[in-house]
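User: I am new to this model and would like a close look at one part of it. Please take me through that part step by step.

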Amino acid sequence: MSLAAREARLGWGLVAPALAWTVAFFVLPFLGMLALSFARMDGREVVPALDPGNYLRLATEPQMLGALVNSLQITALVTVLSVLLAYPLAAIIAFRVPRRWQRLALLLAILPFWTSYVVRSYAWLLVLGQNGVLNQALDALGLGPLELAATRAATVIGFVHFFVMLLTLTIYANLVQLPPNYARAAADLGAGPVRAFVHVILPLTLPGVVTGAFLTFVLCIGDYITPQILGGNSELTLPQLIMLQLGRSGNFPFASALSVVLMVIVTLAWAATARWVRLDRI
Amino acid sequence: MKALRPLVWLYLAAAYVFIFLPVAVLVAFSFQDGRLPVPPFRGATVDWYAKVLGDRDLMAAMGNSVLLAVASSAVALVLGFLAAHGLARVRLPGAPVLRLLLIAPMAVSTLILGLGLLQMFSHLGLRPSLMTTGIGHVVLNLPLCFAICFAAMGDQQKSAERAARDLGAGEWQVLTQVSAPMLAPALAAAFFLSVTFSWDEFIIAFLLTRFDVTLPVEIWSMLKSGLSPATNAVGSVVFLVSVVVVVAAEALFLRRRA
């Protein structure tokens with residue numbers, strides 16, 4: 001056997017286990033889900049078919065379409081808010097906090113990232129609930145109670161809290177990589193701080209921002225826990241609708257169709273940002 | 001610009017308050033001497049911790065979570081490391097596609113991963129268990145382990161591996177005695193990150209376990225019975241464990257690098 005052929009065989013041998021796992025437990029289940037999304041329900045029985053009915057149902061029933069719209073609105077709002085709040089925080093840590101404190105400042109800014117995901121939403125419920133910390137504080141100040149629990153606002157707050165931490169991390173990593181000379185050069189050439197930021201710093205940090213925003217989008221639109229705990233049943237999101245289909249009616253074909261739609265949305269988001277997002281470089 | 005300076009520190013302070021508010025409330029009211037984890041604070045007690053640590057279901061769930069996190073992360077790390085080594089060392093046809101395929105599950109919501117596996121397993125007649133959840137968690141963490149290992153494989157290491165091969169080392173010896181030790185910090189980082197993700201993962205575990213549930217699933221069922229300082233206590237314990245793992249990983253990572 002030639003050296004090249006032996007090399008190739010070795011390479012395939014090393015990649016094979018991971019590849020086999022990914023195909024068996026990621027690609028195949030997804031193809032199965034795709035097939036199932038065209039099946040029909042006959043009572044509680046799944047009947048294999050090539051029926052676009054599940055997709056039509058999503059497109060035509062107001063409750064289903066509403067869930068899709070809610071998910072997209074919440075995700076868009078959360079992504080924008082998180083970027084807007086995280087950027088200044090990352091910039092302050094990178095440029096204003098003295099060098100020796102930066103690592104600590106960053107570590108603190110993302111520490112609650114490690115609270116359990118289910119518990120984090122529960123903790124926000126304690127803050128935002130009717131008798132929660134926020135309302136009792138407002139009461140002490142003589143201000144009226146805010147009805148936040150079981151609203152979209154609570155869902156958004158819970159999400160933004162999590163993603164501000166994630167984005168602060170990705171944007172900070174980008175900012176500290178910038179050579180300080182660039183900002184100085186812009187200043188020497190007569191740019192004020194605002195112009196230097198808009199024309200020099202911002203474009204250079206765009207890849208980090210977009211990568212973080214993409215991750216935010218993906219994780220937010222697919223999340224079940226946060227809207228379920230904080231949003232209550234005031235409105236449904238797509239993942240909540242999927243879980244409802246699984247639990248109450250056991251309608252796996254419809255749940256599959258909804259999941260395929262979710263997957264398509266994520267793929268579209270990836271296609272739109274692929275210029276900047278390098279998943280293989282995270 | 002001078003006028004902006006206080007605003008900068010005000011923003012920083014407000015951000016930290018926002019970030020720490022839920023955690024502070026969670027931990028503070030885990031010591032609540034009363035039935036409800038909301039103000040007013042009625043005095044401190046550790047009764048809830050005693051109750052939680054004495055709860056058999058919770059402790060069993062915690063054991064399951066630890067087992068699941070360690071085992072699935074170990075499998076994901078080995079698979080990811082081997083694949084990264086193969087793709088970094090050997091020029092394979094279609095390598096970019098392979099890389100994308102191995103990374104892809106990272107961009108897919110865990111709900112979809114879990115639902116797909118649930119349907120496949122029930123089609124095959126496999127019962128939901130800790131094992132099936134473990135399979136799902138390997139899918140979840142493999143991209144991360146692969147990406148971290150792949151990014152860490154530099155040229156310096158390539159020459160060390162070639163030198164070992166020239167000196168007569170077999171491929172297995174190169175892997176275990178040269179590549180893995182040189183990559184130890186990256187391997188440790190990938191492993192600990194995977195452990196924290198798996199330890200905290202809810203939806204795959206919820207869909208793919210029935211009796212041997214994990215801690216997040218057990219906490220979820222606690223939530224359904226309403227607010228209680230016991231939930232705060234469990235949450236605080238989970239937080240503490242995660243922070244210890246992260247800080248240990250960070251310390252290990254830093255020490256090795258220094």
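Which element of chain A has the lowest mean pLDDT, and which the highest? Please start from the highest and go on from there.

Analyst: This is a predicted model, in which local features need pLDDT of at least 70, side-chain atom pairs count only at pLDDT 80 or more, and totals for chains, interfaces and linings use all residues. Residues are numbered from 1 along each chain as its sequence is written, while chains are lettered from A and ligands numbered from 1 in the order in which they are written.

In chain A, the lowest mean pLDDT belongs to helix α8 (residues 180–188), at 81. The highest belongs to α3(A), at 95. Here pLDDT is the predictor's confidence in each residue, from 0 to 100. Helices are DSSP runs of H or I with at least four residues, strands are runs of E with at least two, and both are numbered from the N terminus. Chain A as a whole has a mean pLDDT of 88, with 98% of its residues at 70 or more. The model scores ipTM 0.89 and pTM 0.90.

Now look at α3(A) itself. It covers residues 62–95 and packs against helix α9 (residues 193–221) of chain A. The angle is about 145 degrees, and the axes are 9 Å apart. Axes are lines fitted to C-alpha atoms, for helices over the stretch in contact, and angles run from 0 to 180 degrees between N-to-C directions.

Two residues are in contact if their C-beta atoms, placed from the backbone, lie within 7 Å. By class, the contact has seven nonpolar, five polar and no charged residues. Ala, Val, Leu, Ile, Met, Phe, Trp, Tyr, Cys and Pro count as nonpolar, Asp, Glu, Lys and Arg as charged, and the others, Gly among them, as polar.

Stay with α9 of chain A, where Thr205(A) is found. Thr205(A) counts as buried because it has 23 C-beta neighbours inside 10 Å. The cut-offs are 20 or more other C-beta atoms within 10 Å for buried, 12 or fewer for exposed, and in between for partly exposed, with C-beta atoms placed from the backbone. Leaving aside residues up to four places away in sequence, Thr205(A) touches Ile171(A), Asn174(A) and Leu175(A). Asn174(A) is 31 residues from Thr205(A) in sequence, yet their C-alpha atoms are 5.8 Å apart.

Finally, the partner chain. In all, 65 residues of chain A are in contact with 70 residues of chain B. On the chain B side, α1(B) gives the most, with 13 residues. That side has 55 nonpolar, 11 polar and four charged residues. Chain B has 12 helices and zero strands. One of the helices that give two or more residues to this side is α11 (215–223) of chain B. Seven of the nine residues in α11(B) are buried, among them Trp220(B) and Met222(B).
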